[in-house]
Amino acid sequence: MANIQLAKNLLRLRQEHHYTQKQLGDKLNITHQAYSYYETGHRDPNIDMLTKLSALYGFSIEQLLTVPCSIKNSFAKESSNTYHTGLIITTGDTIYLTEEEAELLIRLREASDDDRKLIKKILD
């Protein structure tokens with residue numbers, strides 16, 4: 001089971017800081033393979049590693065776990081939201097949803113097939 005948001009944040013932040021996985025592994029005293037497991041969601045970092053990543057990137061542990069973090073885009077508007085835990089059944093991965101995201105998913109479930117196709121086309 002992986003925290004999808006964390007994996008995406010770690011990949012995005014590494015790329016935005018122009019780090020390689022090897023460079024991060026060296027900074028964190030782990031192998032680049034171990035770090036790659038965090039980015040791919042094959043493994044979640046322990047609390048000590050989350051603390052190091054939090055300090056390195058300047059985000060709180062909670063933000064790394066639940067909020068789409070980026071040095072390019074502010075997440076401040078989302079940081080005051082309450083998050084709902086979601087579970088992707090097929091993989092057992094965890095995802096955190098804002099109230100607005102949860103509402104959108106509920107409305108998507110109620111949408112007609114044509115509306116779903118249109119929404120998918122817009123998002124693609």
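1. Leu105 is located in helix 7 of this predicted model. With a relative accessible area of 42%, Leu105 counts as partly exposed, because that class covers values between 20% and 50%.

2. Leu105 belongs to a nonpolar patch on the surface, together with Leu108, Leu118, Ile119, Ile122 and Leu123. The accessible area of these residues together is about 580 Å². Two helices, helix 7 (99-110) and helix 8 (113-123), each supply at least two residues of the patch. The most is given by helix 8, with 4 residues.

3. A separate point concerns the strands. Strand 1 (residues 84-88) pairs with strand 2 (residues 93-97) in the antiparallel sense, over 5 bridges. Within this pairing, Thr85 stands opposite Tyr96 of strand 2. The hairpin formed by strand 1 and strand 2 has 4 residues between the strands, and Gly92 takes a positive phi near 80° there.

4. When residues up to four places away in sequence are not counted, Glu39 touches Ala7, Leu10, Leu11, Arg14 and Gln21. With one of these residues, Gln21, the side chain of Glu39 also makes a polar contact of 2.9 Å, side chain to side chain.

Terms used
Residues are numbered from 1 along each chain as its sequence is written. This is a predicted model: local features need pLDDT of at least 70, side-chain atom pairs count only at pLDDT 80 or more; totals for chains, interfaces and linings use all residues. Side-chain values use heavy atoms; hydrogens and water are left out. Patches are made of residues with over 30% relative accessible area and no salt bridge: like charges are joined within 9 Å, nonpolar side chains (Val, Leu, Ile, Met, Phe, Trp, Tyr) within 5 Å. Accessible areas come from the Shrake-Rupley method with a 1.4 Å probe; for residues, only the protein chains shown count as cover. A salt bridge is a side-chain nitrogen of Lys or Arg within 4 Å of a carboxyl oxygen of Asp or Glu. Buried means under 20% relative accessible area, exposed over 50%, partly exposed in between (1.4 Å probe, protein chains only). Two strands pair if DSSP finds at least two bridges between them. A polar contact is a pair of N or O atoms within 3.5 Å; within protein, one must be able to donate a hydrogen and the other to accept it, and residues adjacent in sequence count only if both atoms are side-chain atoms. Contact means heavy atoms within 4.5 Å.
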